[in-house]
Amino acid sequence: MIHLENLHKTFKTKAGPVKAVDGVGFTAADGAITGLLGPNGAGKTTTLRMLYTLMKPDVGSVRVDDRDAYREPEAVRRSLGVLPDARGIYKRLTARENIAYFGRLHDLDDAQIRRRTDRLVEALGMRDFIDRPTEGFSQGQRTKTAIARALIHDPKNVVLDEPTNGLDVMTTRALREFLKQLRAEGRCVILSSHIMQEVGALCDHIVVIARGKVAIQGSADSLRAQTGEANLEDAFVKAIGSEEGLQA
Amino acid sequence: MKAARIVMVKELVEIFRDRKIVLNGLLLSPLLFPLLIIGLGSLAESRSRTQLESELPLPVIGAEHAPNLVAYLRSQNMDIEPAPADPDAAIRDQEKDVLLRIDPSFPEDWRASRAANVEILHDSSRQDSEIPVRRVEAALKGYSQQVGALRLIARGIDPGLATAVRVNHRDLATPEAKRGMSLAFLPYLLILSAFLGGAYLVIDGTAGERERQSLEPLLATPASRSGIMSGKIAAACVFGMLGLLLTLISFKLSFAFAASGPFKGVDVSLLAIGKLLVVLLPMVLLGTTLLTLIAASVKTVKEAQSYMAMLMLLPILPTVILLVNPVKNALWMFATPFLAQNQLILMVLRAEDISPAQWAVYLATGLGLGVLLWLAAARLYHREQLAVSA
């Protein structure tokens, strides 16, 4: 379970301070997919970066499985599987070596790494390219490698920043099935997206973020009720106040 | 600690998969040294031999004024040529190394036993005319002394009277030290290959990792930031030391082959090579940590590389300063980076003793500074902006 409370983050820029996240808070339950929906620049990535301890919030707290992320950052990172917005992989290593590197950094031994890699290869459909150097991989192959690498330690909590960005339809569908599988295994899954249909189809709990604030949150039914719109996408647009930066 | 080891192994595996980098980073300087040492050695030797021993072409202006002098110069293995139309231009355009002008008043002064004027035309900024000019000077001086002595004898005076003080030199330089003089450029090359040997790995591992967006996922693992950074520095140090070891082996082999010429007898015994290794190890650490510090604070690989030119100049500074302002070895020198290595390398090659105090000062400051830079780089790695690419 992941609990975020009243997160604030301001960046200094040449043009003056920019408030990227302005009081975001929500709870992501185990065995559920929580979706952050918002236009580009709404503060989704910054919120997630604070969640996986890359950045320190100015105000607010992050708790992962009842551990404070800023008192025990290493323990929290150990219990998280993270696919960040930046998902570069090492070109001179094979996909398997990329995954094994992260496994070792998570203190796994070689036997554990082999076993879990085999399972992820099966689940993500990576058999054709698992032993190839990643130079020249397609976007989908790179994303799959990055996801496998993030999940090598079998984390209870999974955080994915725009996981379907740049993927083709087939890969996207396969990935969604994989996320449902993670949910069925009782994991706590958080993903961010700017695609309304994806969040609507996949997520049990939806947090709509705009201009650094939570505009509205709840289940799909609850969002429809709160906005008085019969159509979920209309509810999103109404809550944010514009369609700009969103994708149907 | 464990994270550092994992990161180090992965960085090394990655770099050894890139043949071009391995070739450039590990084999270039070991291949360059023999070429430089054997090539330069034989070049310098053959040049000084030909310039010293071959017939020197010497254009003379006004040769008709002093036929005896010209005949004497011919006897000194010089080929007297007619003067070019514009002697000054011939020197300036580097067509001639040296010219001799005999003054029209020469015969008159000669007969009156006055000092007769001759003039040597040359360009003192041209190194390769140095030997010809010295030869002409020596010949003229010999002629002058010979005729002067004859004149004194003709007047019944002992020529020795004209020499109030006779200056003799006793050169106490050891043979190794004399040879070491021609080695002024070697410390720079050795220091440079130690200092920047791990450069590629550092830039690729920090600025490059950020540019390729793989740093953020790495920092999302439980591994501590200082552990990750230490692993990268350690990998660069291992790579740099491997390059250094290969360079020193090739250094030893090429001096073994360059058994003649100006490099003859340079001390490249195993002990000396071992000492060089100890001298250069702190340099590997310094270069790697300094570059990590730079590469972790800039945004792109390009930006990091732009600092390389500056870093390449650093090791040359002491050599240049010593060239302009030579100073005696003092203990403070062994605490000054680059200067210390420069002096120590020369001392090793000249087979001079290095005192325990000098070793202690050198190693303490060299390694101490390296550790300090290491800690500074670790601090920088804890900055939030580091992870966020572009």
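User: Which residue of β2(B) is the bridge partner of B:Pro57?
Analyst: This is a predicted model. Strands β1 (residues 56–61) and β2 (residues 78–82) of chain B run parallel and are joined by five bridges. Within β2(B), B:Pro57 has as its bridge partner B:Asp79.

User: What is the handedness of the β-α-β unit made by β1(B), α3(B) and β2(B)?
Analyst: Helix α3 (residues 67–75) of chain B belongs to this unit together with β1(B) and β2(B). The helix lies across β1 and β2 of chain B, and its direction is at about 135° to β2(B). The β-α-β unit is right-handed.

User: Which residue of β3(B) is the bridge partner of B:Ile61?
Analyst: β1(B) is also joined to strand β3 (residues 98–102) of chain B, by two bridges, and the two strands run parallel. In β3(B), the partner of B:Ile61 is B:Arg101.

User: Which are the edge strands of the four-stranded open sheet in chain B?
Analyst: The strand order is β2-β1-β3-β4, and the pairing is mixed. β3(B) and β4(B) run antiparallel, with five bridges between them; one of these pairs B:Leu99 with B:Leu121 of β4(B). The strands that pair on one side only are β2 and β4 (118–122) of chain B.

User: What angle does the direction of α6(B) make with that of β4(B)?
Analyst: Helix α6 (residues 130–154) of chain B packs on the sheet, where it touches β1, β2, β3 and β4 of chain B. Its direction and that of β4(B) make an angle of about 170°.

User: Are α8(B) and α12(B) parallel, perpendicular or oblique to each other?
Analyst: The axes of α8 (residues 185–195) and α12 (residues 270–297) of chain B come within 7 Å and cross at roughly 45°. The crossing is right-handed. Roughly parallel would require an angle under 35 degrees and roughly perpendicular one of 65 to 115, so the two helices are oblique.

User: How many nonpolar residues are in the contact of α8(B) with α12(B)?
Analyst: α8(B) contributes B:Leu190, B:Ile191, B:Ala194 and B:Phe195. Among the residues from α12(B) are B:Leu276, B:Met283 and B:Gly287. The contact has one polar residue and no charged ones, and its nonpolar residues number nine.

User: Which helix supplies the largest share of the side of chain A that touches chain B?
Analyst: In total, 24 residues of chain A contact 20 residues of chain B. At least two residues each come from α2 (73–78), α3 (95–105) and α5 (139–150) of chain A. By class, this side has 14 nonpolar, two polar and eight charged residues. The largest share, four residues, comes from α3(A).

Definitions and conventions: Residues are numbered from 1 along each chain as its sequence is written. Chains are lettered from A and ligands numbered from 1 in the order in which they are written. This is a predicted model: local features need pLDDT of at least 70, side-chain atom pairs count only at pLDDT 80 or more; totals for chains, interfaces and linings use all residues. Two strands pair if DSSP finds at least two bridges between them. A crossover is right-handed if, with the strands pointing away from the viewer, the path from the first strand over the helix to the second runs clockwise. Axes are lines fitted to C-alpha atoms, for helices over the stretch in contact, and angles run from 0 to 180 degrees between N-to-C directions. Angles under 35 degrees count as roughly parallel, over 145 as roughly antiparallel, 65 to 115 as roughly perpendicular and the rest as oblique. A crossing is left-handed if the near helix is turned anticlockwise from the far one by less than a right angle, and right-handed if clockwise. Two residues are in contact if their C-beta atoms, placed from the backbone, lie within 7 Å. Ala, Val, Leu, Ile, Met, Phe, Trp, Tyr, Cys and Pro count as nonpolar, Asp, Glu, Lys and Arg as charged, and the others, Gly among them, as polar.
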